[in-house]
Amino acid sequence: MTGGVIIATTRLIPMHQNKGKSIADCLADRTDYAKNPDKTNEGEYISSYECDPRTVQGEFMLSKRQYDDITGRKQASNVIAYQIRQSFKPGEITPELANKIGYELGMSFTKGNHAFIVATHVDKSHVHSHIIFNSTSLDCTKKFRDFKRSGKALAQISDRLCLENGLSIIENPKRSKGHYGKWLGDEKPLSHSDKLRQTIDEVLAQKPKTFDVFLQLMQGAGYEIKVGKHCAFKGAEQKKFIRLRSLGEGYSEDEIKAIIEGKAPQREVKKTAAKQPKRQEKSVNLLVDIQAKLQQGKGKGYEQWAKIFNLKQMAQTVNFLQEHKLLAYSDLEEKAKKCTATFDELNTQIKTAEKRMAEIQVLKKHIINYAKTRDVYTAYRKAGYSPKFYEEHRAELTLHKAAKAAFDELGVKKLPTVKTLQAEYADLLSDKKKAYGQYHAAKKEMQDILTAKANIDRLLGLEQEQKAKEKSQDQR
């Protein structure tokens, strides 16, 4: 199960052997529910991998017996299978596509190492799939091990598959064990109690003279009323009456009468609609912007659009944005700047060290040559710079002149000792190695961020805007 921003809701559920029941009976209970003909359109929306949906229970059982025979091990836990639940936005996906995506999710998550069935249910407003895979591997030598953050890994695969198929993004879903609708968080419909509070406020705003007139107005608003010890209301969509006293502070019968009689202040009428996310800067949620572009792609120009944008690449970008919490364009832009600055700083540091290390190597060579040839040069000078002496000692004098020229070029006025240079070189080498350790990580981070930003810029058209702006500035 996931939090954050996601494409479709997913949940990984270990299926245990219940006390007092055989493994076969437990498997039958789970798979029979998933394959229910009333939920799968008489089995039309069932698919499978390496097993027959009609005999899945027996095939799973056989693999477990073979596991015992091959390994000689008994199952350490009572997990007999795993179920993945994948739900989609109501009205957006066909059962056929939901089943296809469920199959691809099962294959990707299990890496094709476990048999599974995919049963897509269409009996609710939200199409959803039950993917049940065997805890025993196909070769009957291993068991599936539920790993740390498996729910997140599952959700990322689901996100990628859904984005590749142009499915909607749910903004700020809440963690829940329920169906798709419960994941909508602030976007979910009003509860019956919220609707009743809202209607009461609207009726009180009409300033009824008495409580009886209030009740008449509530009836006119479509509520059935039960008057007795506890006043209760039932709307057309409700199955049960809701008592006033259960609505919380300000909505009891006595409190409503006090408002009618002017003994308590009138509440301000508010439409208690689903809470809206705070207004933020443009492109506050890049996933929403991406989704808008994907939905545009389903229109007339889809073929041309599909040539320009690689859906799999965009799916990877979405996962990257979620992983690094870069859902605001300004955050992505700032991150790109920081990563680039960090990389440039390390790159400059390394190049500066390498340049100085090269200088030290050259300087060491010339200092040694200068020391070796100093006496010869002194003698040459005493000989009045004799051509004959020069020819006899050409090699030594050439080295000596080269050393002096190098000192002048490097701006060396006082010669350092070779020992000092060796110590400086060792320090630079150590610093360079440390910088290199950070350099490769910084380079990869910068490349990943810049790739994601380039994908976003390309998709959202910011690149074209920037080019147009630069062209306009050049024309001024």
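The structure holds 15 salt bridges, a salt bridge being a side-chain nitrogen of Lys or Arg within 4 Å of a carboxyl oxygen of Asp or Glu. This is a predicted model, in which local features need pLDDT of at least 70 and side-chain atom pairs count only at pLDDT 80 or more, while totals for chains, interfaces and linings use all residues. Residues are numbered from 1 along each chain as its sequence is written, and side-chain values use heavy atoms, with hydrogens and water left out.

## Charged pairs

Let us begin with some of these contacts. Side chains of opposite charge can pair when their charged atoms come close.

| Pair | Closest N to O |
|---|---|
| Asp-123 and Lys-39 | 2.8 Å |
| Glu-354 and Lys-432 | 3.1 Å |

How open are the partners to the surroundings? Here buried means under 20% relative accessible area, exposed over 50%, and partly exposed in between (1.4 Å probe, protein chains only). Lys-21 is partly exposed because its relative accessibility is 35%, and Asp-29, at 36%, is partly exposed too.

Asp-123 forms its salt bridge with Lys-39. Asp-123 sits in the loop between β4 and β5 and Lys-39 in the loop between α1 (23-35) and β2, so this pair ties together parts that are 84 residues apart in sequence. Asp-123 is partly exposed at 32% relative accessibility, whereas Lys-39 is buried at 14%.

Glu-354 and Lys-432 also form a salt bridge. This pair links distant parts of the chain, with Glu-354 in helix α11 (residues 329-382) and Lys-432 in helix α14 (residues 418-460), 78 residues apart. Helices (H or I, at least four residues) and strands (E, at least two) are DSSP runs, numbered from the N terminus. Glu-354 is partly exposed at 30% relative accessibility, and Lys-432 is buried at 19%. Beyond these pairs, a network of salt bridges links Arg-356, Glu-359 and Glu-424.

Where does β4 lie? Strand β4 (residues 116-121) is largely enclosed by the rest of the structure, because 6 of its 6 residues are buried. Both of its faces are covered, with Phe-116, Val-118 and Thr-120 buried on one side and Ile-117, Ala-119 and His-121 on the other.

Strands of a sheet pair through backbone hydrogen bonds, either parallel or antiparallel; two strands pair if DSSP finds at least two bridges between them. β4 pairs antiparallel with strand β2 (residues 46-49) over 4 bridges, and Ser-48 has Ile-117 of β4 as its bridge partner. β4 and β5 form a hairpin with 6 residues between them.

Now for another sheet. It is open and has 3 strands in the order β6-β7-β8, with antiparallel pairing. Its edge strands, β6 and β8 (242-243), each pair on one side only. 3 bridges join β6 to strand β7 (residues 232-234), and Lys-226 stands opposite Ala-232 in β7.

Lys-226 belongs to strand β6 (residues 224-226) and is partly exposed at 45% relative accessibility.

## A buried proline

Finally, Pro-95 lies in helix α3 (residues 95-110) and is buried at 19% relative accessibility. Pro-95 and Asn-41 are 54 residues apart in sequence and 9.7 Å apart in space, C-alpha to C-alpha.
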